[in-house]
Amino acid sequence: MSPFEQALCREMHTFDALWHEIHLTLREIPQIFARREAVVFLCLSGLTLIALDPHDFLEHISVLEAIFVWACADFIFALVYFMTLLGIAMIPTRKPPKIYLPIPSTFAFTLTTVFVESMIGTLSLGEYTPKVWPDIVAFVVVAQLFEFLFVRYVLPDVLAAIRAQSPEETQGMYLQIGESKWPLSEVTAISSNQHYLRVDFLNAESETIRARISDVLDTLPDTAGVQPHRSWWVSIGAQPSLITEGRKRWLVTGFGHKIPVARGRIDVVQKWLDTHQSNESSGPT
């Protein structure tokens, strides 16, 4: 797996304007914006901006030209935003990067604004002049408000819907630890830290409970996941893949986990992956 592919799979801890945390990976972003909820939100946001006309574009260009400009602005903003997050994800750190979303969005917004202002000036044949205060400053606030609403109220449900599409192997099964019980299809990984287990879920939440991983693994079928290391178990729904870095082997999941594979378990993990991949390829398309 290339550094680019690893960055796409790397988990990021993102925070909205009020420091509400959401875990996601870059490979999920195309799936996020392919969902109907995200498309509807973006369309409504774009129509609102055109109607409000915060830059007073409609005094100098037609409505069709304004729609074209905003469509270009959305594309540039998304591209710069994505490339900024990708650059952060490619920074070699042991822990998942923590990103305060208003920072990369402000950077993307600044570059987008420069483009939009230049484009409007060209389309209006030089009649339009930027109004930094109060129009553009107010637009910054509006843009941050839209991002906050999306991250807080739309993104969690969209992510949950995407991650709920787990393989059939875990449907109807449960993970039970003591008195706690969860659908196995909602679990991505289990990790051990001394006398406690951390259970990671599809919705990016996690729970810590006192137990031994050996007792839990005895209750899980082989088809539901694999144990790459004595302290880890990874679900089939986490979309794991095996990579090599130097002399070490790692199991990387679609949810940002990067787990060392013990030498004695490399063949077991590879065989499990081969079986899982062959089952996927033989399934319905």
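Reply: We'll go through the pocket, then the cavities, then a contact and a hairpin. It's a predicted model, so to speak: local features need pLDDT of at least 70, side-chain atom pairs count only at pLDDT 80 or more, and totals for chains, interfaces and linings use all residues. Residues are numbered from 1 along each chain as its sequence is written, and side-chain values use heavy atoms, without hydrogens or water.

Me: OK, how much space lies in the largest pocket?
Reply: About 1,200 Å³, counted as the space filled by probe spheres on grid points joined across faces, edges and corners. A pocket is an open set of points on a 1 Å grid with protein on both sides within 12 Å along at least five of seven lines, and lining residues have an atom within 4 Å of a point.

Me: Which residues lie nearest its centre?
Reply: Phe-33, Leu-42, Asp-74, Phe-77 and Ala-78, out of the 41 residues that line the largest pocket.

Me: And which helix gives the most to that lining?
Reply: That's α4, with 12 residues. At least two lining residues each come from α2 (29–34), α3 (36–52), α4 (63–89), α5 (102–123) and α6 (132–163). Helices (H or I, at least four residues) and strands (E, at least two) are DSSP runs.

Me: Switching to cavities: how many are there of 30 Å³ or more?
Reply: The structure holds 2. In a cavity, a 1.4 Å probe fits but cannot get out.

Me: What's around the largest one?
Reply: The largest cavity has a volume of about 110 Å³ and a lining of 16 residues. Nearest its centre lie Glu-11, His-23, Phe-201, Ala-204 and Phe-255. Strand β7 brings the largest share of that lining, 3 residues.

Me: What about the second largest cavity, which residues line it?
Reply: Phe-15, Asp-16, Ala-17, Leu-101, Pro-102, Gln-144, Glu-147, Phe-148 and Val-151 do. Its volume is about 40 Å³, and α6 supplies the largest share of the lining, 4 residues.

Me: New topic. What does Trp-70 touch?
Reply: Leaving out residues up to four places away in sequence, Trp-70 touches Leu-49, Ile-50, Pro-54, His-55, Phe-57 and Phe-139 (heavy atoms within 4.5 Å).

Me: Last one: how do β9 and β10 run?
Reply: Antiparallel, with 3 bridges joining β9 (residues 225–229) to β10 (residues 232–235); pairing takes at least two bridges found by DSSP. A hairpin links β9 to β10 through 2 residues, and Gly-225 sits opposite Ser-235 in β10.
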